[in-house]
Amino acid sequence: MFPSGPAPWPSLRVLRALWALLVVLCAPWRLWAIQETQECTWQVVLNHLDSVGKNDAIDHFVDQKLYTVDKVFDLLVEAPTDPDETYLGFPYYLKINYSCTGESSEALIRKGHLTGLKPVVLVTFQSPVNFRRWKIEQLQIQMEAAPFRSTERCDAEEVCLMSWYTPMPIKNGSVVMRVDVSSNGLGPFIPNKRFHVNINGFLERPREHELQFTVGNELFHLIPRYFVNVPSRPLWYTVDQTPVLILGGIPEEKAILLTDTNFKDFFLVELSIDSCWVGSFYCPQANFTATIYDAIATESTLFIRQNQLIYYFTGTYTTLYESNHGSERWVRVLANECIKRLCPVHFHSNGSEYVMALTAGKNKGYVHFGTITDGLVSFELLPRHQSVCSAILVVNCSITWAVFVAGDYNLLMLVEIVGPTSSKYFQVVSYDLVSDHLAVLYTIPEFIPDARGLEFLMILGTESYTNVPMVPKGMSYNPYNNLLLIWGNFLLQSFNNENFIYLADFPKELSIKYLVNSFRGDMAIVTENEEIWYLLEGSYQVYQLFPSKAWEVYINLQVLQQSSLYGPNETMVTLFYEDNKLYQLVYLIDNQQGRLVKRLMPVEQLLMYRQISDKYVLEQQGSHLTLSFSNFCPFTVMRLQELPNPQIYTRQERYRAQPPRVLEPWGFHSENSLAVYQGLVYYLLRLHSKYDKPYADPVHDPTWRWWKNKKQDQDYYFYLASNWRSAGSVHVDMTSYEKIYDLKAENELPERIFLDKGTSYSFSVFLTARKSEVQHGPSFQVLSPVDLAVVLADPDCIEAMVKEKILVNRNSVLFWVTLSDKRSCFDQGISGHHLMKTSMLIKVLGSSGHCFQNTNQGPRMQSNLMVPVLIGCPPGKRLAFDITYTMQYNRVQNKHYFDCVTVDPEMPCFLFRDIFYPFFLIQDLVTGDSGSFQGSYVLKVVGGGPTLDTIKEYSEEEIYRFNSPLDKTGSLIWTTENTTTTEDLAFNIMSHNSSGIEWLCLENSPCHDTVPHNIFAPEFFFKVLVSNRGVDESTYCDYQLTFLLHIHGLPLSARRAFLILLVSASLFVGLVILYIVCCLLSPYMVKVCNILRWKINSIIGLESYYTYSTPSDSRAFSHSGTVSWRSSRLNSRVVYKGAEENKAETT
């Protein structure tokens, strides 16, 4: 059995006294914490929207589709929301409660609500791996939880059970979310707590309310043989990007532990793999086993190795892909290879994740390099042209371990070489994936060096050695500080892959099984016999955590406190870091019942107990002995001061949302008001995603468009709410949904720092020395009682300046530290892409492992502060077309401004014959700063068309002809008087001081001779690309802006203009001639018309006469006909006479 409980050692009387004293020393602080600040903790679970109000409902993040909440928004008839917009809701809520030791949870929650307690939830979205599909950003949303009564039956009048709820938002491209819960400052004191709420793409809901795994079948019993007497195994995953973690190693079972909450809860899943046996003569296998030996999790894909076979399964993540790439079953890859080991790649790069498979048999000198992009998996055999054995000129070799350095596209391999005499030795070999160059970096000594009592030893080749062979087993690399560790029954470390240091504190009798790296300055070491050791990077001391005297003291204290996380029979399953803290996953057996628990590994407390137990003196005072302890920390107080506002360096964007106000006496929300809350949070995030557009708004804030037409009615909406007359009993406060730009520093270094070209980060460190005596140097100069060191991982890229001020009267020292970029190690890149990883380590000399600070969450290590630094173009910066100032400046310079006949407020027009003066803004989406772009840039027309529907992209050749001043084909679209060009003279370099653009549209350009579609002048839409790459040395940012420019009033070509003129003139002359002819012929036409009319009347009269005459009335008809004839005759004479008079007047 591999215990992680107490180990026996001699029970001396002095040690017993020491342990008792430690209990006394540690108890007062704990008792004070219990009495004065009651131990309370937050509890958060995920609830589906159908489970709101149910007491015991716990859901997992499976559904990724949004639902509409328009019906509840239709009720808000007099509210600032826009009825024409579509409001959607998220499928899940966060249900928040809290509990305190020794009290009823239900009563506590009611008490907290009545005393004004409201949980504040901060959801942090992890940026995606594939930056080509999704924008890289550090996004947070802060929400206040809304109280909600349980929907289950209750006999009380007002409330029995209640909880707080907030929407659980989803963001495209993000499947990993951190949830931080804090208090609003009212009610009981509850420490902040972090939860991991991740999307599980390996669960599906084939039928309503029934979840099942796509990777296999869930097992519901944790049988002891799965864990007891089973060695621990490493937990491998892509750091900060993996929503689902998996862990194999269950003996003789093709089962894994799977979790989407970092083992807050978990599933035991039997995998649905075929388990084929494909051993061959080149792939010998001693026996077959169902055990899953290696398991690696990435953002969307799981990898496992069983025997010599590897499988992968891609989860269903609709938030990551435009189309679903989810697997229907496990996919077996490299089926013809004998895979002996999977090696993880802890960091993603270039928009992809990686995994490596080491082979035995015919390809044992190669590495199968796997690339995962958007869930699609591909493998490449490396090196490409020849095996490692052939490249280093050996006959028999095999690769034991491989490490991929993503920033340098470099593959480091630990190669075992068998010499002619069957002797073995190891080399570290480097392979460059870009240049295809392979080289031997280092040959590991055959035997372990003799350190002769030193903590460390530089390997120079002149040292003496023991007779214990060095047996390398693996390597580990930290890209932030360039630390390469080679481990086995020894520890070798190097910061340049050439010069290695042997750490002598680690005993050569032990063998390391795996390392657990936090990548923040410390790591844990697990040996083959399950011992746990600890190493602070930057120091050379290796501390034994378990088994140790300090562990025994800590266990005794936990037993006294009756902790449920510890037991007499326990087995460590794995060890891993989470949020820079070391955790154990342990299998406990209590009362014949086994369970898996996740518990914190108390590194700081163990180091404190170790320091106290090792450094004490027994002094005789009178008739009894007393204990005195020595504190080896060189300072008593360490504070960070004068820290700048963090957002400009952390690039963290934060929004704030509060629940709508409900018109209910007790302040409880309904399902409708929660649905309104969902819709408002969705719309806030939608405004954020839509804000990245080429034309800059007049106000640099994503929420400006939401309320710009409603602000004038804000007092009216408040009046309705104050008088309880708001529609739907819900009031939406416009000021409750905003972006926060002024976060303050919290007296601690940020999680990471982004540095642009030439920027710097400054702060101060205040130290109070423990020794009070004054030190003097030469010429009576006062020397600092404590020394501060700043260790830079890449001193060629960044530099640090430290200024010291000694405060003699306070026995303290104040250090001002400034970290700056040296403008030398990074080319231009797109915002957030291809950032260079490095780090800064703040260290007080002589304090490593000795200095601790007590907090309400336990002791915290001081004096070693590592901050990752990312050099390049920070996320959240963009170039935007300043349409507002461009229109103002063009109106002033051209003395007029003519917009299109059909006005589009989103895309104003510019007149062709006017000089065009473009202006651009550099907008910081994190801090809210927006200023004119002062750098240089290249402007190109890369597409265009007479209408929006006919815009086409131009080829590289066409772009050159349409934009280059060197063009001789008569194809230029525009020109400028500015004479500055790029180095190859191909394009003009513009700036904010340029003389403007003159539109040409020469004969062979696409905008030449544009056919008008109506009576107005022709129009044209230009697709314009603006980039500062290669021409602007003020920043690392490669700003690329593509926008449409609407130009009207384009001239016609001479030929078409002459043709239109000719046709127009011909029509005009023809109309004039026609008019003259009509005037000359009008009298004759009148005469002819009169004659025709007379004849027509005559014909009509005769027809009428013959039609109405009958034999029975012939007399009457004769009389009537006579009268008609006479009357017609008279009329004819009158008409004829009138015609004669008109003719006489005309002549």
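Let's start with two terms: a residue is buried when its relative accessible area is under 20% and exposed when it is over 50%. The model you are looking at is predicted.

**Exercise 1. Helix 12**

Find which residues of helix 12 are buried, and which exposed residues sit on the face turned away from them.

*Solution.* Begin with residues 956–963, which form helix 12; Glu958, Ile959, Phe962 and Asn963 are buried there. They span an arc of only 110° around the axis, so they lie on the same side of helix 12. Now turn to the face pointing away from that buried side: it carries the exposed residues Glu956 and Glu957. Finally, look at what covers the buried residues: this includes strand 66 (937–945), strand 67 (952–953) and strand 68 (974–976).

**Exercise 2. Glutamate 570**

Decide whether glutamate 570 is buried or exposed, then trace what its side chain reaches.

*Solution.* Locate glutamate 570 in strand 41, residues 570–578. Its relative accessibility is 2%, so glutamate 570 counts as buried. Next, follow the side chain: it reaches the backbone nitrogen of glycine 567 at 3.3 Å. A polar contact of 2.9 Å also joins it to the side chain of arginine 599.

Note on methods. Residues are numbered from 1 along each chain as its sequence is written. This is a predicted model: local features need pLDDT of at least 70, side-chain atom pairs count only at pLDDT 80 or more; totals for chains, interfaces and linings use all residues. Side-chain values use heavy atoms; hydrogens and water are left out. Helices (H or I, at least four residues) and strands (E, at least two) are DSSP runs, numbered from the N terminus. Buried means under 20% relative accessible area, exposed over 50%, partly exposed in between (1.4 Å probe, protein chains only). A polar contact is a pair of N or O atoms within 3.5 Å; within protein, one must be able to donate a hydrogen and the other to accept it, and residues adjacent in sequence count only if both atoms are side-chain atoms. The arc is that of the directions from the helix axis to the C-beta atoms. Contact means heavy atoms within 4.5 Å.
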